[in-house]
Amino acid sequence: MRIAHLSSSSYRSFISVRRTTTNYQYHYQYVSSSISNLSTSKPLQQLRLPLSLSSLRLQRRVVSTSMASDDVTTLPADDDKYGFTRSEMYQTNLAGTVDAYDRHVFLCHKNPEDWASRVEDSASDPLPKLLFSALKARKNDIALKTKLTICEGRDGTEFSDGDVLIFPEMVKYRVWKCSGSFFESNSIFALIVHACMLSFRILLLGFSLEKRKGKVNPIVSSIKETFRLKTIMPLNIVNEAEGFPRIILTEPSGSSAEVLLHGGQVVSWKNDRREELLFMSSKAIRKTSKAIRGGIPVCFPQFGTMGSLEQHGFARNRLWSLDNDPSPLAAVNTQSSVDLILRPSEEDSKTWPRRFELRLRVTLGSGKLTLIPRVRNLDNKPFSFTFALRNYLSVSDISEVRIEGLETLDYFDNLIRKERFTEQADAITFDGEIDRVYLSSPTKIAIIDHEKKRTFVLRKVGMPDAAVWNPWDKRAKAISDLGDEDYKTMLCVDSAAVENSIVLKPFEEWKGHQEISTVSSSYCSGQLDPSKVLRGFR
Ligand SMILES: O=P(O)(O)OC[C@H]1O[C@@H](O)[C@H](O)[C@@H](O)[C@@H]1O
């Protein structure tokens, strides 16, 4: 891990390497002070040499090969165009400041006038110091050769405290709060380590020739072009007060969603009027070992207590990673979608000895939120699991809510020893605790909130069952992370695969699909509202 300090008017112009003479000197000064921190005796010049250019070239060619079936021994025709064949390419440092490290971490922070002359002295302005110390303390754990660069942040509130950009992984981490616990909690470190799993592929997308004072720096060009491409937007990741990385999804109509790496859990979904549509407990606890009461926890590999594992499985209690290889789904590079992945830890393998990959794509659209869960068997023998997306929906008053689409279905009643019954009511309404799994439900279920005049429409594929849960007053009091009155404003209607567990042969993948949308409350699960028909639609 190396550190450099340089100025730019934003990360974009940093990437285009616009430097003043003063800042240039500052850059050197800063590097010098950092060298002593790193307790290395390497001379400055050596630190700045693009040592890994040949490995970069190799990776680039290997990736091209796998993507375009090129012959590895043949130079891609674009090498000349992109500057890879220039005589100085493997001989000396190139124009610009971005060397060919395996990974670049940029801290976009204030401007050179605010920077301390030595990174360890910046007591009044601790962000660079904290980031530097956190990375330095864990540098042996960071597998990729990583260079930390401090550059100027000037885009108004966007860089109010400091943003972290990670290249080539295209992760933008918005550091709003500069607290020691943020770094101690390892969230930035976790992010950087997760980034290790991402490939070098993105670099390919933006290669172009850049002529700067007669020299070419393909590395700078590629970063610049990649960030500039509209379709390849960096993810917005912010720090939770408790140190949980949180991904913010936004889309043009103004709605938003928030997803935690912890549990791969959606914890917020707001419509274009900024109204929250998901319930979050007033006493929600955000601890690494516990699922968060609210949002959309993922229950895997076991739903409820239908097995020997902890209730609802371990996936909701684990730290997931960003997934840059969601194939066979096409990769998405927008700010309204994120791909996450969970692989088993050693501890998980002891309790559930299966090799798997659990993936989740969360996509925010205008008026709808889509989740695509997938499970792949990486074992050489089949395994089975049960699964649910537990949707904690926010409702105005549970007594005023009804569910349509589950009538006449059979269900297991968890309150009566999981006995099987047949639903007799025309619609499900609520006047007490409910804890049921409706079996083989239709693909569309309507949750009608009369008071809010809002209907949630839940569409699901690959998850044939639907669990319905509300603890009501007595049980709510016994649940430590649920407020006594919270049961009134929540209702869980889950997409689930419970009655028949899902069986996967070696290397098979299961895929589910869930979409929640909201419509006006006149909507009744596919039927027309008679009063609307009489009065006419407005
Ligand atoms: O508290 P948890 O683990 O999130 O589970 C909430 C409820 O989920 C239901 O599905 C279970 O049947 C209940 O027993 C449980 O209380």
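Student: Does Ser337 count as buried or exposed, and what is its relative accessibility?

Tutor: Keeping in mind that this is a predicted model, Ser337 has a relative accessibility of 3%, and it counts as buried because that value is under the 20% cut-off.

Student: And where is Ser337 found?

Tutor: Ser337 belongs to strand S12, which covers residues 337–342. The C-alpha atom of Ser337 is 9.2 Å from that of Ile248, a residue 89 positions away along the chain.

Student: Switching to another serine, where does Ser281 lie?

Tutor: Ser281 is in the loop that runs between strand S9 (266–270) and strand S10 (298–299). With a relative accessible area of 6%, Ser281 is buried.

Student: Which side chain does Ser281 make a polar contact with?

Tutor: The side chain of Ser281 makes a polar contact with the side chain of Asp486, at 3.4 Å.

Student: OK, on to the ligand: where does it sit?

Tutor: The ligand sits in the largest pocket, and the residues around the ligand are Arg293, Phe303, Gln311, His312, Arg316, Arg390, Asn414, Asp435, Trp469 and Arg475.

Student: How does that shell split by class?

Tutor: The shell around the ligand has five charged residues, three polar residues and two nonpolar ones.

Student: What distances separate polar side-chain atoms of Arg316 and Arg390 from ligand oxygens?

Tutor: For Arg316, a polar side-chain atom is 2.8 Å from an oxygen atom of the ligand, and for Arg390 the corresponding distance to a ligand oxygen atom is 2.7 Å. Asp435 also takes part, with an N or O atom of its side chain 2.6 Å from an oxygen atom of the ligand.

Student: How much of the ligand's accessible area does the protein cover?

Tutor: On its own the ligand has 390 Å² of accessible area, and the protein covers 84% of that.

Student: Let's turn to backbone geometry. Which peptide bond involving Pro301 is cis?

Tutor: The peptide bond from Phe300 to Pro301 is cis, with omega near 0°, and Pro301 is located in the loop between S10 and strand S11 (321–322). A cis peptide bond also joins Ser327 and Pro328, where omega is about 10°, and Pro328 has its place in the loop between S11 and S12.

Student: What about phi of Arg417?

Tutor: Phi of Arg417 is near 45°, which is a positive value in a residue other than glycine. Arg417 lies in the loop between strand S18 (410–413) and strand S19 (419–422), and with a relative accessible area of 67% it is exposed, because the value is over 50%.

Student: And what is phi of Ser440 near?

Tutor: Ser440, likewise a residue other than glycine, has a positive phi near 45°, and its place is in the loop between strand S21 (434–438) and strand S22 (444–449).

Technical notes
Residues are numbered from 1 along each chain as its sequence is written. This is a predicted model: local features need pLDDT of at least 70, side-chain atom pairs count only at pLDDT 80 or more; totals for chains, interfaces and linings use all residues. Side-chain values use heavy atoms; hydrogens and water are left out. A residue is near a molecule or strand if one of its heavy atoms lies within 4 Å of it. A polar contact is a pair of N or O atoms within 3.5 Å; within protein, one must be able to donate a hydrogen and the other to accept it, and residues adjacent in sequence count only if both atoms are side-chain atoms. Accessible areas come from the Shrake-Rupley method with a 1.4 Å probe; for residues, only the protein chains shown count as cover. On a 1 Å grid over the protein atoms alone, a cavity is a set of points where a 1.4 Å probe fits but cannot get out, and a pocket is an open set with protein on both sides within 12 Å along at least five of seven lines; lining residues have an atom within 4 Å of a point. A molecule sits in a cavity or pocket if more than half of its atoms lie within 2 Å of its grid points. Ala, Val, Leu, Ile, Met, Phe, Trp, Tyr, Cys and Pro count as nonpolar, Asp, Glu, Lys and Arg as charged, and the others, Gly among them, as polar. Helices (H or I, at least four residues) and strands (E, at least two) are DSSP runs, numbered from the N terminus. Buried means under 20% relative accessible area, exposed over 50%, partly exposed in between (1.4 Å probe, protein chains only).
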